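Student: Could you walk me through this one? I am new to it and would like to start with the strands before we get to the rings.

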Amino acid sequence: MELQSLQPLAQQLFADIRALTFDGVGVTRASYGAGENACARHLEAFARAEGLEVTTDRAGNFVYSDPADTRQGPVIWTGSHLDSVPQGGNYDGLAGIVAGLLVLIAAKRQGVTLPAPLQVIGFRGEESAWFGKAYMGSGALWGKLTAADLALQRREDGVTLGDALAACGADLAAIARQDKLFNPADIRAYVELHIEQGPVMVARKIPLGVVSGIRGNVRHNLIGCVGEAQHSGVVPRWLRHDAVFAVADLIMRLDTHWRALLERGTDLVVTCGVVQTNPAEHSISRVPGYAHFSFEARSKSSDTLEAFYQLVQAEMASIERERGVKFQLDRRLLSEPAVTDPQLCDLMAKACRERGIAHERIPSGAGHDAALFANGGVPSAMVFVRNQHGSHNPHEAMELSDFMLGTQVMADTIAAIPVAPASV
């Protein structure tokens, strides 16, 4: 099955959806919002024009399939997410859905019978930027959304996640009961194409990466630090309860621990992406009595995440005693690390070698819907496509030629998947 002739189709589809969701800087496709809906409508029209069937699952995600393939038994899933971060890039998520559609179209046009029926999934709500929660569409499918999750509010308009799911036709009652909305045994494999969201592949000059695993994360959307507002000119250091200095002290201590762990070979990244005082009351001449920040740590090891989180709590307690402040944490959010399926990864690497494509095994620092499938017992694999300028910004610059290589390798991998797991 050859896909190179479909490159103009992919190029047009990317261009059309970018135009539909362009915000003046990048693209904005809010989870369960206007941009995501516009993307979904265009993909549906495109798929139907190609003779594909489009349905929604009980979690509100979109499912694209070939209605002519009526075989029973386990299916192969591929796909990614429709949403983006605010003012994001056009390829994060969307590339995986387009790739899956191209494989379906190529198989249909060329009369190729794949090892099992192929379904492309367009997941809603993967980005945590909107509700402070990642993997909403796939998480609902797996029965992983809690009552607290469903009460989360979207940043732009305050709509709750529960209301957003109900509005898109999801089975909210089942989701609230945390029912699993599908049978994992019905999925032979899950394969996802995604742009690399960091600089490694560009730096190493490799167009494709076979993903060896996906980092998990522990995070707080908001940690408040309560001190005491005071006049900056009259209060000496030893009597101050400065919230900003306390937060800065904590961040620097965490950086010291992080550096020491890296020197020991530990896989870990730490980020405080939001640090803010209250704009209604902050002033040059005021010792700040309140500040808040976000916290996130990512690692391929659950033990590392937990150990570092305990360090965070210990340092908070120490700073509270020393500076007379109090840290207030919102709900802890945890996504477990995932390991991709060795057999599928070998098939993917073999496909690269047979086509003479330079590639490497590479871990994913970012989270993906694939992690839920891998951790849920579904054999899962990912192929990364080289992408300039990173991701979560409007400057994503994936080359269409690299994308087509990745799509071809994904198609080759899907075509090589055994119909049933090898007997032991």
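Student: Which residue in strand 2 is the bridge partner of Thr55?

Tutor: Bearing in mind that this is a predicted model, the bridge partner of Thr55 in strand 2 is Val63. Strand 1, which covers residues 53–56, pairs with strand 2 in the antiparallel sense, and 4 bridges join them.

Student: How many residues sit between strand 1 and strand 2 in the hairpin?

Tutor: There are 5 residues between the two strands of that hairpin, and in the turn Gly60 has a positive phi of about 90°.

Student: And which way do the residues of strand 2 point?

Tutor: Phe62 and Tyr64 point one way from strand 2, which spans residues 62–65, whereas Val63 and Ser65 point the other way, and all of them are buried. Strand 2 also pairs with strand 4, residues 118–123, in the antiparallel sense over 4 bridges, and in that pairing Phe62 stands opposite Gly122 of strand 4.

Student: Okay, on to the rings. How many aromatic pairs does a search of the whole structure find?

Tutor: The search finds 13 aromatic pairs. One of them is formed by Trp142 and Phe373, whose rings are edge-to-face, with 5.5 Å from centre to centre and 80° between the planes. This pair links distant parts of the chain, since Trp142 is in the loop between helix 4 (136–141) and helix 5 (147–150) while Phe373 is in helix 12 (residues 370–375), 231 residues apart.

Student: Why does Phe373 count as buried?

Tutor: Phe373 counts as buried because its relative accessibility is 0%. Trp142 is buried too, with a relative accessible area of 6%.

Student: What kind of pair do Phe182 and Phe373 form?

Tutor: Phe182 and Phe373 form a tilted pair, with 6.2 Å from centre to centre and 50° between the planes. That pair also links distant parts of the chain, with Phe182 in the loop between helix 7 (172–176) and strand 5 (187–195) and Phe373 in helix 12, 191 residues apart. Phe182 is buried, with a relative accessible area of 14%.

Student: Which residues do the ring pairs link into a cluster?

Tutor: The cluster that the ring pairs link consists of Trp77, Phe123, Trp142, Phe182, Tyr190 and Phe373.

Student: Last topic, then: where does Arg332 lie?

Tutor: Arg332 lies over the face of Tyr309, at 4.4 Å from the ring centre. Arg155, in turn, lies over the face of Trp130, at 5.8 Å from the ring centre.

Technical notes:
Residues numbered from 1 in each chain as written. Predicted model: local features only at pLDDT ≥ 70, side-chain atom pairs only at ≥ 80, totals over all residues. Heavy atoms only, no water. Phe/Tyr/Trp six-rings, centres within 6.5 Å; stacked < 30°, edge-to-face > 60°. Buried < 20%, exposed > 50% of the residue type's maximum accessible area, 1.4 Å probe, protein only. Lys NZ or Arg CZ within 6 Å of the ring centre and 35° of its normal. Pairing = 2+ DSSP bridges.
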